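Visitor: I'm new to this one. Can you walk me through it, starting with how far to trust it?
Guide: Happy to. Take a look first, then ask away.

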Amino acid sequence: MESKKASFLKNMIGFSMVTWISFVLGFLSSPIATRLFVPEELGKVNMFFSYSGLMSAVCYLGLDQMFIRFFLNPPSKASRKTLFTYAIGVSLAASLLLTLCLTAFWQRLSIGVSGAPSVGIFVCLCVYSFSLIMFRFLSLCYRMEQNALLYTIQGILQVFITKLAYLSVAFAGGTGEHAILLLTLLMSLFSLTFLVLQRRFFSVKALAQVDKPFLKETWKFALPLVPLTLLDWLNNNVSVVVLNNLLGLGAVAVFSSAVGLASTINIIQTGFNTYWAPYVLENYDSQDGRFYTVHRLMACMLTLFGLGISLLQTPVFLLLGKSYRSSVIFFPFLFLSPICYCLGETTDMGITIAKKTYWTTLIFLISSLLNIALCYVFIPRFGMVGGAMASAGSAIVILFLRTAIGQKYYRVLPDWRYLFITVGLMLAASFGNLLLNDLPLPKYLLLTGLVALACLIYRNELKTLFSTGWELAGILLGKLKRRKNEEESNG
(Lines give C-alpha, C1' and ligand atoms only; values in the text may rest on other atoms or scores of the structure.)
Protein backbone atom coordinates (compact mmCIF):
# COMPACT_ATOMS: atom_id res chain seq x y z
CA MET A 1 0.00 0.00 0.00
CA GLU A 2 1.26 3.45 -0.85
CA SER A 3 2.31 5.58 2.11
CA LYS A 4 0.61 8.91 2.67
CA LYS A 5 3.82 10.78 1.84
CA ALA A 6 4.32 8.90 -1.42
CA SER A 7 0.69 9.36 -2.40
CA PHE A 8 0.86 13.09 -1.75
CA LEU A 9 4.12 13.46 -3.66
CA LYS A 10 2.78 11.43 -6.59
CA ASN A 11 -0.29 13.65 -6.92
CA MET A 12 1.78 16.80 -6.58
CA ILE A 13 4.13 15.63 -9.35
CA GLY A 14 1.13 14.76 -11.52
CA PHE A 15 -0.31 18.25 -11.19
CA SER A 16 3.15 19.77 -11.71
CA MET A 17 3.57 18.35 -15.21
CA VAL A 18 1.90 21.39 -16.79
CA THR A 19 4.39 23.65 -15.06
CA TRP A 20 7.38 21.48 -16.03
CA ILE A 21 6.39 21.51 -19.69
CA SER A 22 5.55 25.22 -19.51
CA PHE A 23 9.02 25.81 -18.11
CA VAL A 24 10.66 23.83 -20.92
CA LEU A 25 8.70 25.66 -23.62
CA GLY A 26 9.37 29.01 -21.98
CA PHE A 27 13.05 28.16 -21.59
CA LEU A 28 13.22 27.42 -25.31
CA SER A 29 11.12 30.35 -26.50
CA SER A 30 12.55 33.14 -24.31
CA PRO A 31 15.96 33.27 -26.07
CA ILE A 32 14.20 33.47 -29.43
CA ALA A 33 11.65 36.09 -28.35
CA THR A 34 14.24 38.33 -26.67
CA ARG A 35 16.42 38.24 -29.78
CA LEU A 36 13.73 38.73 -32.43
CA PHE A 37 11.53 41.22 -30.56
CA VAL A 38 12.96 44.58 -29.55
CA PRO A 39 12.07 45.44 -25.92
CA GLU A 40 9.37 47.94 -26.92
CA GLU A 41 7.45 45.34 -28.98
CA LEU A 42 7.73 42.62 -26.34
CA GLY A 43 6.66 45.20 -23.77
CA LYS A 44 3.34 45.56 -25.61
CA VAL A 45 2.65 41.85 -25.22
CA ASN A 46 3.52 41.99 -21.53
CA MET A 47 1.17 44.93 -20.96
CA PHE A 48 -1.55 43.06 -22.87
CA PHE A 49 -1.20 40.15 -20.45
CA SER A 50 -1.39 42.53 -17.49
CA TYR A 51 -4.56 44.33 -18.61
CA SER A 52 -6.38 41.22 -19.82
CA GLY A 53 -5.50 39.53 -16.54
CA LEU A 54 -7.07 42.40 -14.64
CA MET A 55 -10.26 42.29 -16.72
CA SER A 56 -10.72 38.55 -16.21
CA ALA A 57 -9.89 38.75 -12.49
CA VAL A 58 -12.59 41.37 -11.93
CA CYS A 59 -15.18 39.17 -13.62
CA TYR A 60 -14.46 36.11 -11.51
CA LEU A 61 -16.36 37.90 -8.71
CA GLY A 62 -14.79 35.45 -6.27
CA LEU A 63 -16.82 32.63 -7.84
CA ASP A 64 -13.75 30.64 -8.86
CA GLN A 65 -12.65 30.41 -5.23
CA MET A 66 -16.24 29.72 -4.20
CA PHE A 67 -16.32 26.80 -6.66
CA ILE A 68 -13.15 25.39 -5.07
CA ARG A 69 -14.47 25.78 -1.53
CA PHE A 70 -17.89 24.17 -2.14
CA PHE A 71 -16.94 21.57 -4.75
CA LEU A 72 -16.96 18.70 -2.28
CA ASN A 73 -20.08 19.92 -0.46
CA PRO A 74 -22.27 22.19 -2.62
CA PRO A 75 -24.54 24.46 -0.57
CA SER A 76 -28.28 23.85 -0.15
CA LYS A 77 -29.52 21.01 -2.36
CA ALA A 78 -27.44 21.95 -5.37
CA SER A 79 -25.31 19.54 -7.38
CA ARG A 80 -21.78 20.09 -8.61
CA LYS A 81 -23.19 20.71 -12.07
CA THR A 82 -25.35 23.48 -10.63
CA LEU A 83 -22.38 24.97 -8.83
CA PHE A 84 -20.22 25.02 -11.97
CA THR A 85 -22.93 26.27 -14.32
CA TYR A 86 -23.84 29.11 -12.00
CA ALA A 87 -20.22 30.14 -11.37
CA ILE A 88 -19.06 30.18 -14.99
CA GLY A 89 -22.33 31.65 -16.25
CA VAL A 90 -22.28 34.63 -13.88
CA SER A 91 -18.58 35.29 -14.54
CA LEU A 92 -18.99 35.25 -18.33
CA ALA A 93 -22.04 37.53 -18.07
CA ALA A 94 -19.95 39.90 -15.97
CA SER A 95 -17.29 39.87 -18.70
CA LEU A 96 -19.83 40.92 -21.34
CA LEU A 97 -21.10 43.69 -19.07
CA LEU A 98 -17.57 44.91 -18.39
CA THR A 99 -16.87 45.01 -22.13
CA LEU A 100 -19.86 47.29 -22.67
CA CYS A 101 -18.76 49.57 -19.85
CA LEU A 102 -15.18 49.80 -21.12
CA THR A 103 -16.12 50.81 -24.66
CA ALA A 104 -16.16 54.41 -23.44
CA PHE A 105 -12.49 54.05 -22.45
CA TRP A 106 -11.20 51.99 -25.37
CA GLN A 107 -8.64 54.60 -26.42
CA ARG A 108 -7.11 54.88 -22.96
CA LEU A 109 -6.90 51.11 -22.57
CA SER A 110 -5.32 50.51 -25.97
CA ILE A 111 -2.80 53.30 -25.36
CA GLY A 112 -1.87 51.65 -22.07
CA VAL A 113 -1.06 48.46 -23.97
CA SER A 114 0.58 49.60 -27.19
CA GLY A 115 1.25 53.32 -26.72
CA ALA A 116 -1.28 54.31 -29.39
CA PRO A 117 -5.10 54.13 -29.74
CA SER A 118 -6.22 50.93 -31.46
CA VAL A 119 -9.70 49.43 -31.73
CA GLY A 120 -8.15 46.06 -32.57
CA ILE A 121 -6.14 45.99 -29.33
CA PHE A 122 -9.26 46.82 -27.32
CA VAL A 123 -11.26 44.04 -28.99
CA CYS A 124 -8.43 41.58 -28.35
CA LEU A 125 -8.37 42.58 -24.68
CA CYS A 126 -12.09 41.84 -24.31
CA VAL A 127 -12.05 38.56 -26.25
CA TYR A 128 -8.89 37.26 -24.59
CA SER A 129 -10.14 38.04 -21.05
CA PHE A 130 -13.45 36.31 -21.86
CA SER A 131 -11.50 33.24 -23.01
CA LEU A 132 -9.35 33.31 -19.87
CA ILE A 133 -12.49 33.10 -17.73
CA MET A 134 -13.68 30.02 -19.61
CA PHE A 135 -10.29 28.37 -19.31
CA ARG A 136 -10.05 29.14 -15.59
CA PHE A 137 -13.31 27.37 -14.71
CA LEU A 138 -12.77 24.49 -17.12
CA SER A 139 -9.34 23.76 -15.67
CA LEU A 140 -10.77 23.96 -12.14
CA CYS A 141 -13.10 21.08 -12.96
CA TYR A 142 -10.24 18.72 -13.70
CA ARG A 143 -8.24 20.09 -10.78
CA MET A 144 -10.98 19.58 -8.19
CA GLU A 145 -11.68 16.08 -9.52
CA GLN A 146 -7.94 15.50 -8.95
CA ASN A 147 -7.74 14.28 -12.55
CA ALA A 148 -4.05 14.96 -13.12
CA LEU A 149 -4.00 13.45 -16.63
CA LEU A 150 -6.72 15.59 -18.21
CA TYR A 151 -5.62 18.64 -16.23
CA THR A 152 -2.12 18.18 -17.64
CA ILE A 153 -3.26 17.67 -21.23
CA GLN A 154 -5.43 20.77 -21.13
CA GLY A 155 -2.72 22.86 -19.51
CA ILE A 156 -0.03 21.73 -21.94
CA LEU A 157 -2.18 22.64 -24.94
CA GLN A 158 -2.86 26.08 -23.48
CA VAL A 159 0.85 26.69 -22.90
CA PHE A 160 1.70 25.43 -26.36
CA ILE A 161 -0.62 27.80 -28.20
CA THR A 162 0.64 30.71 -26.10
CA LYS A 163 4.26 30.02 -27.01
CA LEU A 164 3.26 29.29 -30.61
CA ALA A 165 1.79 32.77 -30.91
CA TYR A 166 5.05 34.33 -29.78
CA LEU A 167 7.40 32.29 -31.92
CA SER A 168 5.42 32.22 -35.15
CA VAL A 169 5.04 36.00 -35.15
CA ALA A 170 8.67 36.55 -34.14
CA PHE A 171 9.98 34.37 -36.97
CA ALA A 172 7.72 36.18 -39.43
CA GLY A 173 9.13 39.53 -38.36
CA GLY A 174 5.84 40.67 -36.88
CA THR A 175 5.16 43.31 -34.25
CA GLY A 176 3.72 43.12 -30.77
CA GLU A 177 0.27 43.89 -32.19
CA HIS A 178 0.50 40.87 -34.50
CA ALA A 179 1.46 38.62 -31.60
CA ILE A 180 -1.51 39.90 -29.59
CA LEU A 181 -3.93 39.23 -32.45
CA LEU A 182 -2.73 35.67 -33.03
CA LEU A 183 -2.65 34.95 -29.31
CA THR A 184 -6.27 36.10 -28.95
CA LEU A 185 -7.46 34.01 -31.88
CA LEU A 186 -5.77 30.84 -30.65
CA MET A 187 -6.91 31.28 -27.05
CA SER A 188 -10.55 31.84 -28.02
CA LEU A 189 -10.59 28.74 -30.26
CA PHE A 190 -8.91 26.69 -27.54
CA SER A 191 -11.41 27.72 -24.84
CA LEU A 192 -14.44 27.12 -27.05
CA THR A 193 -13.15 23.67 -27.97
CA PHE A 194 -12.79 22.61 -24.35
CA LEU A 195 -16.14 24.15 -23.48
CA VAL A 196 -17.66 21.64 -25.90
CA LEU A 197 -15.48 18.75 -24.69
CA GLN A 198 -16.37 19.42 -21.04
CA ARG A 199 -20.07 20.06 -21.55
CA ARG A 200 -20.87 17.26 -19.07
CA PHE A 201 -19.88 19.59 -16.25
CA PHE A 202 -22.65 22.11 -16.85
CA SER A 203 -26.33 22.29 -17.72
CA VAL A 204 -28.76 25.19 -17.95
CA LYS A 205 -31.46 22.94 -16.46
CA ALA A 206 -29.29 22.48 -13.37
CA LEU A 207 -29.80 26.16 -12.54
CA ALA A 208 -33.30 25.23 -11.37
CA GLN A 209 -31.62 24.07 -8.14
CA VAL A 210 -30.44 27.59 -7.39
CA ASP A 211 -32.46 28.86 -4.42
CA LYS A 212 -32.11 31.52 -1.73
CA PRO A 213 -29.99 29.37 0.65
CA PHE A 214 -27.67 28.56 -2.27
CA LEU A 215 -27.30 32.22 -3.22
CA LYS A 216 -26.81 33.30 0.38
CA GLU A 217 -24.08 30.74 1.09
CA THR A 218 -22.17 31.19 -2.16
CA TRP A 219 -22.17 34.98 -2.20
CA LYS A 220 -21.38 35.18 1.50
CA PHE A 221 -18.13 33.40 0.65
CA ALA A 222 -17.49 35.02 -2.76
CA LEU A 223 -18.27 38.71 -2.19
CA PRO A 224 -15.39 39.41 0.21
CA LEU A 225 -13.08 38.00 -2.47
CA VAL A 226 -14.17 40.47 -5.18
CA PRO A 227 -11.84 43.27 -4.05
CA LEU A 228 -9.22 40.63 -3.39
CA THR A 229 -8.90 39.91 -7.11
CA LEU A 230 -8.11 43.55 -7.77
CA LEU A 231 -5.63 43.66 -4.94
CA ASP A 232 -3.98 40.45 -6.11
CA TRP A 233 -3.61 41.94 -9.60
CA LEU A 234 -2.10 45.08 -8.10
CA ASN A 235 0.43 43.07 -6.13
CA ASN A 236 1.49 41.16 -9.25
CA ASN A 237 1.38 44.00 -11.78
CA VAL A 238 1.86 47.35 -10.05
CA SER A 239 5.62 47.27 -10.72
CA VAL A 240 5.01 46.75 -14.44
CA VAL A 241 2.39 49.54 -14.62
CA VAL A 242 4.58 52.03 -12.74
CA LEU A 243 7.61 51.09 -14.85
CA ASN A 244 5.56 51.67 -18.02
CA ASN A 245 4.44 55.09 -16.79
CA LEU A 246 7.87 56.20 -15.58
CA LEU A 247 10.36 54.40 -17.84
CA GLY A 248 8.40 53.13 -20.89
CA LEU A 249 7.62 49.83 -22.61
CA GLY A 250 11.29 48.91 -22.99
CA ALA A 251 11.74 48.76 -19.22
CA VAL A 252 8.57 46.68 -18.96
CA ALA A 253 9.98 44.08 -21.35
CA VAL A 254 13.34 43.84 -19.56
CA PHE A 255 11.69 43.61 -16.13
CA SER A 256 9.12 41.07 -17.34
CA SER A 257 11.83 38.89 -18.91
CA ALA A 258 13.48 38.65 -15.49
CA VAL A 259 10.14 37.89 -13.88
CA GLY A 260 9.67 35.12 -16.44
CA LEU A 261 13.01 33.57 -15.50
CA ALA A 262 12.23 33.86 -11.79
CA SER A 263 8.91 32.14 -12.42
CA THR A 264 10.85 28.93 -13.01
CA ILE A 265 10.16 28.36 -9.32
CA ASN A 266 6.55 27.78 -10.36
CA ILE A 267 7.76 24.27 -11.20
CA ILE A 268 7.33 23.66 -7.48
CA GLN A 269 4.68 26.24 -6.65
CA THR A 270 2.00 25.64 -9.26
CA GLY A 271 1.78 21.88 -9.00
CA PHE A 272 1.74 22.13 -5.22
CA ASN A 273 -0.94 24.84 -5.07
CA THR A 274 -3.11 23.03 -7.59
CA TYR A 275 -3.29 19.87 -5.51
CA TRP A 276 -3.03 21.50 -2.07
CA ALA A 277 -6.45 23.21 -1.92
CA PRO A 278 -8.58 20.07 -2.41
CA TYR A 279 -6.19 18.08 -0.21
CA VAL A 280 -6.55 20.52 2.71
CA LEU A 281 -10.32 20.71 2.51
CA GLU A 282 -10.52 16.92 2.48
CA ASN A 283 -8.05 16.24 5.33
CA TYR A 284 -8.06 19.17 7.78
CA ASP A 285 -10.11 17.22 10.34
CA SER A 286 -7.40 14.56 10.71
CA GLN A 287 -4.14 15.97 9.47
CA ASP A 288 -1.90 14.43 12.24
CA GLY A 289 0.92 16.95 11.78
CA ARG A 290 1.11 16.25 8.05
CA PHE A 291 0.51 19.92 7.20
CA TYR A 292 3.56 20.98 9.22
CA THR A 293 5.65 18.33 7.48
CA VAL A 294 4.52 19.67 4.10
CA HIS A 295 5.36 23.21 5.26
CA ARG A 296 8.91 22.17 6.17
CA LEU A 297 9.46 20.28 2.92
CA MET A 298 8.13 23.14 0.81
CA ALA A 299 10.37 25.62 2.62
CA CYS A 300 13.33 23.36 1.85
CA MET A 301 12.53 22.92 -1.85
CA LEU A 302 11.67 26.58 -2.46
CA THR A 303 14.77 27.88 -0.70
CA LEU A 304 17.19 25.55 -2.47
CA PHE A 305 15.57 26.16 -5.84
CA GLY A 306 15.69 29.94 -5.45
CA LEU A 307 19.29 29.95 -4.22
CA GLY A 308 20.34 27.40 -6.84
CA ILE A 309 19.00 29.38 -9.80
CA SER A 310 20.49 32.58 -8.34
CA LEU A 311 23.89 30.84 -8.24
CA LEU A 312 23.47 29.77 -11.89
CA GLN A 313 22.35 33.21 -13.05
CA THR A 314 25.18 33.77 -15.55
CA PRO A 315 24.43 30.82 -17.89
CA VAL A 316 20.69 31.44 -17.45
CA PHE A 317 20.89 35.08 -18.53
CA LEU A 318 23.16 34.29 -21.47
CA LEU A 319 20.05 32.78 -23.05
CA LEU A 320 18.43 36.21 -23.26
CA GLY A 321 19.13 38.89 -25.83
CA LYS A 322 21.74 41.50 -24.85
CA SER A 323 19.09 44.18 -24.35
CA TYR A 324 17.47 42.11 -21.60
CA ARG A 325 20.49 40.97 -19.56
CA SER A 326 20.71 44.06 -17.34
CA SER A 327 17.98 42.57 -15.14
CA VAL A 328 20.47 40.07 -13.69
CA ILE A 329 21.32 42.56 -10.95
CA PHE A 330 17.89 42.32 -9.29
CA PHE A 331 17.03 38.78 -10.35
CA PRO A 332 17.01 37.08 -6.87
CA PHE A 333 14.57 39.66 -5.45
CA LEU A 334 11.92 38.37 -7.86
CA PHE A 335 12.04 34.87 -6.34
CA LEU A 336 10.65 36.17 -3.05
CA SER A 337 7.16 36.79 -4.40
CA PRO A 338 6.39 33.20 -5.55
CA ILE A 339 8.27 31.74 -2.58
CA CYS A 340 6.30 33.79 -0.05
CA TYR A 341 3.02 33.06 -1.80
CA CYS A 342 3.62 29.31 -1.83
CA LEU A 343 4.77 29.21 1.81
CA GLY A 344 1.69 31.21 2.78
CA GLU A 345 -0.46 28.46 1.30
CA THR A 346 0.95 26.08 3.93
CA THR A 347 0.27 28.40 6.88
CA ASP A 348 -2.99 30.29 6.28
CA MET A 349 -5.43 27.41 5.69
CA GLY A 350 -7.41 28.48 8.75
CA ILE A 351 -8.79 31.49 6.87
CA THR A 352 -10.38 29.30 4.19
CA ILE A 353 -11.42 26.52 6.57
CA ALA A 354 -13.14 29.02 8.87
CA LYS A 355 -14.63 30.84 5.83
CA LYS A 356 -13.17 34.15 7.07
CA THR A 357 -12.32 35.42 3.59
CA TYR A 358 -12.57 39.06 4.64
CA TRP A 359 -9.19 38.60 6.35
CA THR A 360 -7.60 37.68 3.03
CA THR A 361 -9.01 40.83 1.46
CA LEU A 362 -7.68 42.99 4.29
CA ILE A 363 -4.25 41.38 4.09
CA PHE A 364 -3.97 41.99 0.36
CA LEU A 365 -5.23 45.56 0.76
CA ILE A 366 -2.41 46.34 3.18
CA SER A 367 0.11 44.65 0.90
CA SER A 368 -1.15 46.41 -2.24
CA LEU A 369 -0.98 49.84 -0.65
CA LEU A 370 2.53 49.07 0.56
CA ASN A 371 3.54 47.78 -2.88
CA ILE A 372 2.26 50.92 -4.61
CA ALA A 373 3.99 53.17 -2.07
CA LEU A 374 7.28 51.30 -2.38
CA CYS A 375 7.13 51.40 -6.18
CA TYR A 376 6.76 55.17 -6.27
CA VAL A 377 9.54 55.54 -3.68
CA PHE A 378 12.04 53.02 -5.09
CA ILE A 379 11.50 53.07 -8.89
CA PRO A 380 12.28 56.80 -9.41
CA ARG A 381 15.45 56.32 -7.31
CA PHE A 382 16.61 52.82 -8.31
CA GLY A 383 14.76 52.13 -11.59
CA MET A 384 13.93 48.48 -12.30
CA VAL A 385 15.83 47.40 -9.17
CA GLY A 386 13.34 49.43 -7.15
CA GLY A 387 10.43 47.60 -8.76
CA ALA A 388 11.92 44.25 -7.77
CA MET A 389 12.57 45.42 -4.21
CA ALA A 390 8.99 46.70 -3.87
CA SER A 391 7.60 43.38 -5.10
CA ALA A 392 9.74 41.45 -2.62
CA GLY A 393 8.83 43.71 0.29
CA SER A 394 5.09 43.42 -0.23
CA ALA A 395 5.38 39.63 -0.66
CA ILE A 396 7.09 39.29 2.72
CA VAL A 397 4.38 41.36 4.39
CA ILE A 398 1.68 39.14 2.86
CA LEU A 399 3.44 35.98 4.06
CA PHE A 400 3.66 37.03 7.70
CA LEU A 401 0.16 38.52 7.83
CA ARG A 402 -1.37 35.41 6.25
CA THR A 403 0.50 33.20 8.69
CA ALA A 404 -0.41 35.20 11.81
CA ILE A 405 -4.12 35.28 11.03
CA GLY A 406 -4.34 31.77 9.59
CA GLN A 407 -2.76 30.30 12.73
CA LYS A 408 -5.44 32.03 14.81
CA TYR A 409 -8.17 29.83 13.27
CA TYR A 410 -6.23 26.65 12.50
CA ARG A 411 -2.84 26.07 14.10
CA VAL A 412 -0.30 24.32 11.90
CA LEU A 413 3.07 25.68 13.01
CA PRO A 414 4.65 25.09 16.42
CA ASP A 415 7.04 27.94 15.54
CA TRP A 416 7.92 30.21 12.61
CA ARG A 417 11.56 29.16 12.21
CA TYR A 418 11.21 27.94 8.61
CA LEU A 419 9.60 31.19 7.52
CA PHE A 420 12.46 33.24 8.96
CA ILE A 421 15.10 30.91 7.55
CA THR A 422 13.67 30.93 4.02
CA VAL A 423 13.08 34.68 3.86
CA GLY A 424 16.41 35.44 5.53
CA LEU A 425 18.45 33.32 3.12
CA MET A 426 16.72 34.74 0.04
CA LEU A 427 17.15 38.34 1.26
CA ALA A 428 20.85 37.67 1.88
CA ALA A 429 21.19 36.33 -1.66
CA SER A 430 19.24 39.25 -3.14
CA PHE A 431 21.17 42.06 -1.44
CA GLY A 432 24.47 40.22 -1.87
CA ASN A 433 23.83 39.86 -5.60
CA LEU A 434 22.96 43.57 -5.83
CA LEU A 435 25.79 45.01 -3.76
CA LEU A 436 28.49 42.68 -5.14
CA ASN A 437 27.38 42.91 -8.76
CA ASP A 438 30.73 44.36 -9.87
CA LEU A 439 32.71 41.83 -7.81
CA PRO A 440 31.97 38.42 -9.39
CA LEU A 441 34.24 36.30 -7.18
CA PRO A 442 32.90 37.53 -3.78
CA LYS A 443 29.36 37.40 -5.16
CA TYR A 444 29.55 33.77 -6.24
CA LEU A 445 31.38 32.79 -3.06
CA LEU A 446 28.53 34.31 -1.07
CA LEU A 447 25.84 32.55 -3.13
CA THR A 448 27.71 29.24 -2.89
CA GLY A 449 27.99 29.65 0.86
CA LEU A 450 24.27 30.37 1.17
CA VAL A 451 23.42 27.20 -0.78
CA ALA A 452 25.71 25.17 1.48
CA LEU A 453 24.17 26.76 4.59
CA ALA A 454 20.68 25.98 3.34
CA CYS A 455 21.63 22.34 2.76
CA LEU A 456 23.00 22.14 6.30
CA ILE A 457 19.91 23.73 7.87
CA TYR A 458 17.50 21.62 5.82
CA ARG A 459 19.48 18.37 6.06
CA ASN A 460 16.62 16.49 7.77
CA GLU A 461 14.10 17.70 5.17
CA LEU A 462 16.46 16.68 2.37
CA LYS A 463 16.70 13.20 3.87
CA THR A 464 12.91 13.00 3.97
CA LEU A 465 12.59 14.16 0.36
CA PHE A 466 15.18 11.67 -0.90
CA SER A 467 13.69 8.77 1.07
CA THR A 468 10.17 9.61 -0.08
CA GLY A 469 11.32 9.94 -3.67
CA TRP A 470 13.08 6.56 -3.42
CA GLU A 471 9.93 5.04 -1.94
CA LEU A 472 7.79 6.49 -4.72
CA ALA A 473 10.22 5.22 -7.37
CA GLY A 474 9.98 1.73 -5.85
CA ILE A 475 6.18 1.84 -5.94
CA LEU A 476 6.17 2.93 -9.58
CA LEU A 477 8.68 0.26 -10.57
CA GLY A 478 6.62 -2.34 -8.72
CA LYS A 479 3.49 -1.33 -10.61
CA LEU A 480 5.31 -1.50 -13.93
CA LYS A 481 6.68 -4.94 -13.06
CA ARG A 482 3.23 -6.24 -12.06
CA ARG A 483 1.71 -4.85 -15.24
CA LYS A 484 4.41 -6.54 -17.32
CA ASN A 485 3.84 -9.85 -15.55
CA GLU A 486 0.09 -9.59 -16.12
CA GLU A 487 0.62 -8.90 -19.81
CA GLU A 488 2.95 -11.88 -20.11
CA SER A 489 0.50 -14.18 -18.29
CA ASN A 490 -2.41 -12.98 -20.45
CA GLY A 491 -0.36 -13.32 -23.60
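Visitor: Where in the protein chain is confidence lowest, and where is it highest?
Guide: Helix H1 (residues 4-36) is lowest, with a mean of 61. Helix H20 (residues 440-457) is highest, at 93. The score is pLDDT, the predictor's confidence in each residue, from 0 to 100. Helices here are DSSP runs of H or I with at least four residues, numbered from the N terminus, while strands are E runs of at least two.

Visitor: And the mean pLDDT of the whole protein chain, what is that?
Guide: The mean is 80, and 79% of the residues reach 70 or more. This is a predicted model: local features need pLDDT of at least 70, side-chain atom pairs count only at pLDDT 80 or more, and totals for chains, interfaces and linings use all residues. Residues are numbered from 1 along each chain as its sequence is written, and side-chain values use heavy atoms, leaving out hydrogens and water.

Visitor: How many residues does the largest nonpolar core have?
Guide: It has 129. A nonpolar core is a set of buried Ala, Val, Leu, Ile, Met, Phe, Trp, Tyr and Cys residues joined through side-chain atoms within 4.5 Å. Buried means under 20% relative accessible area, exposed means over 50%, and partly exposed is in between (1.4 Å probe, protein chains only).

Visitor: Which helix gives the most to this core?
Guide: Helix H6 (residues 119-144), with 16 residues. Phe137 and Phe330 have the most contacts inside the core.

Visitor: What is phenylalanine 330 in contact with?
Guide: Leaving aside neighbours within four places in sequence, Phe330 is in contact with Phe255, Ala258, Met384, Val385, Ala388 and Asn433. Contact means heavy atoms within 4.5 Å.

Visitor: Switching to H2. How many residues does H2 have, and how far does it reach?
Guide: H2 has 22 residues. From first C-alpha to last it reaches 32 Å, close to the 32 Å expected at 1.5 Å a residue. The expected span is 1.5 Å times one less than the number of residues.

Visitor: Why is H2 called largely enclosed?
Guide: Because 18 of its 22 residues are buried. Serine 56 is found in H2 (residues 39-60). Serine 56 counts as buried because its relative accessibility is 4%. Setting aside neighbours within four places in sequence, serine 56 is in contact with Ser129, Leu132 and Ile133.

Visitor: What follows H2?
Guide: Leucine 61, whose phi is positive, near 55°.

Visitor: How about H13: how many of its 22 residues are buried?
Guide: 20 of the 22, so H13 is largely enclosed by the rest of the structure. H13 covers residues 290-311, and its end C-alpha atoms are 32 Å apart, which agrees with the span it should have at 1.5 Å a residue.

Visitor: Next, cysteines. How many disulfides does the count come to?
Guide: The count comes to 0. A disulfide here is a pair of cysteine sulfur atoms within 2.5 Å.

Visitor: Which cysteine sulfur is nearest to that of cysteine 126?
Guide: That of cysteine 124, 9.4 Å away. Cysteine 126 is buried, at 7% relative accessibility. Cysteine 141 is buried too, at 1%.

Visitor: Now rings. How many aromatic pairs does the structure hold?
Guide: 21. Rings of Phe, Tyr and Trp (its six-membered ring) pair if their centres lie within 6.5 Å; planes under 30 degrees apart count as stacked, over 60 as edge-to-face and the rest as tilted.

Visitor: Why is the pair of phenylalanine 67 and phenylalanine 84 edge-to-face?
Guide: Because their planes are at 65°, with the ring centres 5.8 Å apart. Phenylalanine 67 is in helix H3 (residues 63-70) and phenylalanine 84 in helix H4 (residues 80-102), 17 residues apart. Phenylalanine 67 is buried at 1% relative accessibility, and phenylalanine 84 is buried with a relative accessible area of 1%.

Visitor: And the rings of tyrosine 142 and phenylalanine 201, how far apart are their centres?
Guide: 6.0 Å, with planes at 80°, so that pair is edge-to-face. Tyrosine 142 lies in helix H6 and phenylalanine 201 in the loop between helix H8 (176-197) and helix H9 (212-222), so the pair ties together parts 59 residues apart in sequence.

Visitor: Are tyrosine 142 and phenylalanine 201 buried or exposed?
Guide: Both are buried. Ring pairs link Phe67, Phe71, Phe84, Tyr142, Phe201 and Phe202 into a cluster.
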